[in-house]
Amino acid sequence: MSARFVFVILTLLLLPVSAAKAEDPVADAQAVIAAQISALVGNDAETAYSYASPGIRSLYPNKDQFLQMVRKSYQPVYAASSYAFGRSKLIGGGEVVLQEVMISAKEGKDWTAIYEVRLMDDGSYKVNGVRMIRNTVSQGI
C-alpha cells in the first residue's frame with residue numbers, strides 16, 4: 001500500500017468525526033458565549049460586539065453603545081471572574097440554544113445567566129439575549 005493511499009483513507013475516515021463536532025449546536029453556542037465573555041472581560045468592545053445578533057445590533061448600532069449597555073445592565077458578565085456552563089436546551093433542532101452559565105462576579109456574588117444563542121443564515125451562532133438571575137443555585141431553563 002502506498003503512503004498516499006493510506007493518507008487518503010485516513011483523511012476520509014476522520015472527516016465525519018470533525019464534521020460532527022462542527023455541527024454540534026451546544027458546543028458552537030458555548031464557544032460563542034466563551035469568546036464573548038472573554039472579550040468583555042478584556043474590554044474588547046469590537047470582538048464582543050461581533051458576537052451580538054442582528055437584533056441586538058439594531059438596538060445598539062455601534063460597539064461603544066453595546067459595551068456601555070453591557071457594563072450597566074450585565075455587570076456580572078462584564079466583570080466575570082469565573083464561569084461554568086450548566087444545562088442547555090435546543091429549540092427547533094438547534095436553531096436556538098438556551099444555555100445556562102453560572103458566573104462568579106468579582107464582588108463575590110454568584111449569578112446564573114441564561115443565554116439565547118441563535119443560528120444565523122451563514123451558519124454561525126450569535127448571542128440574541130441574556131437573562132440574569134442572582135443566586136447560587138441552578139434554576140434551569
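**Stop 1: the salt bridges**

Three salt bridges turn up here, counting a side-chain nitrogen of Lys or Arg within 4 Å of a carboxyl oxygen of Asp or Glu. Before you click, note that this is a predicted model, in which local features need pLDDT of at least 70 and side-chain atom pairs count only at pLDDT 80 or more, while totals for chains, interfaces and linings use all residues. Residues are numbered from 1 along each chain as its sequence is written, and side-chain values use heavy atoms, with hydrogens and water left out.

Select Lys63 and Glu46: their side chains meet in a salt bridge at 3.8 Å, N to O. Lys63 sits in helix α5 (residues 63-73) and Glu46 in helix α3 (residues 45-50), so this pair ties together parts that are 17 residues apart in sequence. Helices here are DSSP runs of H or I with at least four residues, strands are runs of E with at least two, and both are numbered from the N terminus. Is Glu46 buried or exposed? Glu46 is exposed, with a relative accessible area of 55%, while Lys63 is partly exposed at 33%. The cut-offs are under 20% relative accessible area for buried, over 50% for exposed, and partly exposed in between, with a 1.4 Å probe and protein chains only.

Next, pick Glu100 and Arg87, whose side chains form a salt bridge at 3.6 Å, N to O. Glu100 belongs to strand β2 (residues 96-105) and Arg87 to strand β1 (residues 80-91), so the pair ties together parts 13 residues apart in sequence. Glu100 is buried, with a relative accessible area of 1%, whereas Arg87 is partly exposed at 45%.

Finish this stop with Arg118 and Glu116, where the closest N and O atoms of the salt bridge are 2.7 Å apart. Arg118 is partly exposed at 33%, and so is Glu116 at 22%.

**Stop 2: Gln36**

Now centre on Gln36, in helix α2 (residues 25-41). Gln36 is buried, with a relative accessible area of 4%. What does Gln36 touch, not counting residues up to four places away in sequence? Show Ala48, Tyr51, Ala52, Phe66, Tyr115 and Val127; contact means heavy atoms within 4.5 Å.

**Stop 3: the largest pocket**

The largest pocket holds about 220 Å³ of space. Of its 16 lining residues, those five are the closest to its centre: Phe66, Met69, Tyr74, Gly129 and Val130. On a 1 Å grid over the protein atoms alone, a pocket is an open set of points with protein on both sides within 12 Å along at least five of seven lines, and lining residues have an atom within 4 Å of a point.

Colour by element next: α2, α4 (54-59), α5 and β4 (125-134) each supply at least two lining residues. The largest share, four residues, comes from β4.

**Last stop: zoom out**

Show the whole chain as a cartoon. There are six helices and four strands, running α-α-α-α-α-α-β-β-β-β from the N terminus on. Of the 141 residues, 33% count as buried.

How values were computed: On a 1 Å grid over the protein atoms alone, a cavity is a set of points where a 1.4 Å probe fits but cannot get out, and a pocket is an open set with protein on both sides within 12 Å along at least five of seven lines; lining residues have an atom within 4 Å of a point. Grid points are joined across faces, edges and corners, and a volume is the space filled by probe spheres set on the points.
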